[in-house]
Structure formats: structure tokens, C-alpha cells
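Here is a friendly walk through this model for someone opening it for the first time. Please keep the view beside you as you read the points below.

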Amino acid sequence: MNLLRALTPVLVVALAAGCSGGPGDQGDQGNLGTVPPAGRPSLAPSATASPTSPPASLPVPTVPAVGGEPARFSPPALRVEVITRGLEHGWDIGFLPDGSALISERPGRFTLVRQLRPGARATRVSADFSDLFARGEGGLMGLVVHPDFASSRLFTTCQNHGPGGRAIDIRLVTWRLAGDGGSATRVRDLLTGLPTAGSGRHSGCRPSIAADGALLVGTGDTADGALPQDRTSLGGKVLRLNLTTGEPLPDNPFAAAAQPAERYVYTYGHRNVQGVAVRPGSGQVYTAEHGPRVNDEVNVLRAGGNYGWDPSRGGTAGGYDEDVPMTDLDRFPDAVPAIWQTGQTTQALCAATFLTGSLWGELDGALVVTALRGAKLVLLRLDAAGALAAIAIPPETNGEYGRLRAARLGPDGALYVTTTNGSDDALLRITPEAAP
Ligand SMILES: [Ca+2]
């Protein structure tokens, strides 16, 4: 209980600041939680579980959950700089070869930040969002810049599609940015048919590019209890596809499935995945996932793995029963336990990315996760095999900036984070205080 005792003073302050509100993405900020792990895999995820290696029939190992609190470490002091303000729910950040950053904002807006330093000039990028369905948690969401952007000027977003205000689906859309950065035009719908809710709830949706160039997409279950365990639905999954063609990759775990949607599925049994991070040098992929009122999760992905969320209780419960465990090992003994759960309060974990480079000193290699409701960054140190070794909450970003959403490592090695409080949101640049 040492961790709990250490956090108690902060918890009291956070509670005094008020912590009402619903679960997940729409919750209030300020609820710290206790960061206990609900599970620690005794069988470390294999470093060979890369996106390129698994055969379709790879069995998911049985990994017993072993409770226990993680070790805590004291992070070095961080410097936080406000690069720009005036954003509205900055959802994701893409870095361009000219040193600028492209930000997607949930109501349906691209903003180009021309320099990555405080006081940077931010300009609007005109784009057609006439079909965007921006409601609740849905709208314009994640974004990836294509690796060949210097020649193609392509980037791909994930967004709710609903012309005339009627929710149709969530889709991946590829855009081309004009040479002057003043406008973006649609090139193609890369993938359509991701389910959506009329409320916008649990829309996901985080694209990230894996080490092998595959596009990985974390999706949400749209608060439909049947979807997470239904491998023929694209909701409540991590998808894996070709960034150029939109086709599922031939070495996906269910590539031979009769139903075309299932061929995209890399992992299933998820609730709402909004963080997808590729561990440098290992090919391991980590996700951050919203829990219900408890147990947000950080997971390491295994191709074909079931992550154990089933609010339909095997189809016996109608609707969406959120009292089931985030990883239901009774119903799915082969489900893959999280490497960390937030415990009895929700942090509303959102984005995830790895800190890498000598700039970060002792934090080099740590996984950083943003929290919406928790309004903080969480740092996770992993061991060589990929299991959680220790955890820290930097005080500089604990409540100071409100809800934090996007997290991407910039070309300068600094961490860039967006706030998501709804008005005058900021792009933050975060580096170790001791860095030059
Ligand atoms: Ca799970």
C-alpha cells in the first residue's frame, strides 16, 4: 500500500477540487485515482510478437492475472512550454518535414502550427467537413502523416461520417495538404464501415504507423455490447491495414476469414482504444484504452489476441452491461490481461507514445499516456520483455493544464501534448528540465 499512501495527499486535493461526472471521455478532470495495477502478466509479452510474424492460427497464451501494485519512481523535473493556444479539442498531432505541426480538432478543423516554439503562428487549413458528424466523443479524431509526405503531401484521419446530421459510420480518410498549407483536399476514403453511435460515444479512433509501415487503428465499441467480441465488426478492435490501399494485410491473424471485415482485425475484445504506441526497437505495440468507471488499461498487443471486454456477457445481456471486467478471464480464460489498470477510479486514458532519445535521459524508453478525466500524464517504465516495471506521475502536468488528449513525439525529440478542455486549448511542448 506504499503507493496509495504516497498518493493520498494528492488524492485528497484532487477530490476537494471536485470529481463528479460520468465515466470515460466525457468525465470531469481532477479525479486522480490510485493507480493500482489489477493485473501483471507473469508471462512477459514476447518480443517476437511483432506485426510481421504471427501466423493466423497463433494461439493466445494463457496469462494469469497477478495483482499487485507497481513500483513507483520519481521522474526528473519537466519543462512545459505552451506553443500555441486557441485550439478546440486538439485530437491529434502530425509533424511535417518543414518543421510545422498539423493538428486535428474534434469539431472539424485542421490547424497548422508553423514553428514548434512558444508563440508559434497557428493558421487554419481550409477543408471540407460538410459530412462530419461531430457529436459527443465523435468528430474529427486521430491523424497520421504518411511517411512519404515530402513527395505525396498525404495524411490520413479518422472521423465520424454523417451527412445531414445522421450518423453513418466512422471512416479513415486520406487527404492531401496543399503546398502552401492553406487547404487540404480529400484523396480517398481509405476504409469505411467502422460502426458509430448516434451519440458519438466510444468512437475510438487512433491511427498510428507501425515499425513495418502497417497502419494500426484503435477503435471504439460504440457502446454496443455485441461488438467487442464480434470479429466481423470493426468496432472495439485494433485494425491493421495497408496505408496506401486500405486493404487488410495478408499476414493479419484473421486474413483468411470469410467475412471481409474480420480480415482487418489485429486484436479484439476492446472497449475504446484511443492510444496506439509502437515501442522503438522492438515492434511491440501498446494501447491505452478507456475503462468504464474503473480500470482503464494499458495493453501490449499480441496478434489475434482477445482483450476480454464483453458487455453482452456472451450475448446473454441485452444492451451494454458495464459491470463486466475490462478483461474477463472467467469468460475468456485466454484473454490477454493488461500490463496496467488504473484501479478503482477512471483516469480516462487516451493517447500513448514512447519517449525516446538521449534528450530524455533516464526517461528514454518510457511510455507516456495522457489522461482526460485524470488531467495528467502517466509515465510507465517497461522492462526489456515489455512488462510494467515502475510508474510515475509528473507533478508539472498533474492537473495544471486540465484534460490532456494527444501525445506524439516530435522530430526534435520533445513530447507534444494537446489539452482538451473545449476552448482555448493548447499545444504543449514537454522536455526534461535538464535538457539543453
Ligand atoms: Ca482488457
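How many bridges join strand 13 to strand 14? Three of them do, and the two strands, the former spanning residues 237–241, run antiparallel.

1. Before you start. This is a predicted model: local features need pLDDT of at least 70, side-chain atom pairs count only at pLDDT 80 or more, and totals for chains, interfaces and linings use all residues. Residue numbers start from 1 along each chain, following its sequence as written.

2. The chain as a whole. The protein chain holds two helices and 25 strands. Helices (H or I, at least four residues) and strands (E, at least two) are DSSP runs, numbered from the N terminus. Of its 436 residues, 55% count as buried. A residue is buried if 20 or more other C-beta atoms lie within 10 Å of its own, exposed if 12 or fewer, and partly exposed in between, with C-beta atoms placed from the backbone. Among contacts in the protein chain with a separation of 6 or more, 63% come from residues 24 or more positions apart. Two residues are in contact if their C-beta atoms, placed from the backbone, lie within 7 Å.

3. Four strands make an open sheet in the order 11-12-13-14, with antiparallel pairing. Strand 11 (206–209) and strand 14 (265–268) are at the edges and have a single partner strand each, so one side of each is left without a neighbour in the sheet. From one strand to the next, the twist averages 20 degrees. For this angle, axes are lines fitted to C-alpha atoms (for helices over the stretch in contact), and angles run from 0 to 180 degrees between N-to-C directions. Two strands pair if DSSP finds at least two bridges between them.

4. Partners within that sheet. Strand 11 and strand 12 pair in the antiparallel sense over four bridges, and proline 207 stands opposite valine 217 in strand 12. The hairpin of these two strands has five residues between them, and there glycine 213 takes a positive phi near 90 degrees. Further along, valine 238 has threonine 267 in strand 14 as its bridge partner.

5. The loop between strand 13 and strand 14. Look here for glycine 246. Is glycine 246 buried or partly exposed? With 18 C-beta neighbours inside 10 Å, glycine 246 counts as partly exposed. Leaving out residues up to four places away in sequence, glycine 246 touches Leu190, Leu191 and Leu241. Glycine 246 and leucine 215 are 31 residues apart in sequence, with 8.9 Å from C-alpha to C-alpha.

6. Backbone details to check. Which residues does a cis peptide bond join? Glycine 204 and cysteine 205, with omega about 10 degrees; cysteine 205 lies in the loop between strand 10 (184–194) and strand 11. Histidine 202 also lies in the loop between strand 10 and strand 11. Although histidine 202 is not a glycine, its phi is positive, about 50 degrees, and with 30 C-beta neighbours inside 10 Å histidine 202 counts as buried. Threonine 222, in the loop between strand 12 (215–218) and strand 13, has a positive phi of about 55 degrees although it is not a glycine. Threonine 222 is buried, with 27 other C-beta atoms within 10 Å.

7. Another open sheet has four strands in the order 7-8-9-10, and its pairing is antiparallel. Strand 7 and strand 10 stand at the edges with a single partner strand each, so one side of each is left without a neighbour in the sheet. The twist here averages 25 degrees from one strand to the next. Strand 7 (residues 140–145) is mostly covered, as six of its six residues are buried. Four bridges pair strand 7 with strand 8 (residues 154–161) in the antiparallel sense. Leucine 140 has glutamine 159 in strand 8 as its bridge partner, and valine 144 stands opposite threonine 156 in strand 8.

8. The nonpolar core. A nonpolar core is a set of buried Ala, Val, Leu, Ile, Met, Phe, Trp, Tyr and Cys residues joined through C-beta atoms within 7 Å. The largest one has 108 residues, of which Leu367, Val369 and Leu380 touch the most other members. Not counting residues up to four places away in sequence, leucine 380 touches Val298, Trp340, Ala366, Leu367, Val369, Leu388 and Ile391.
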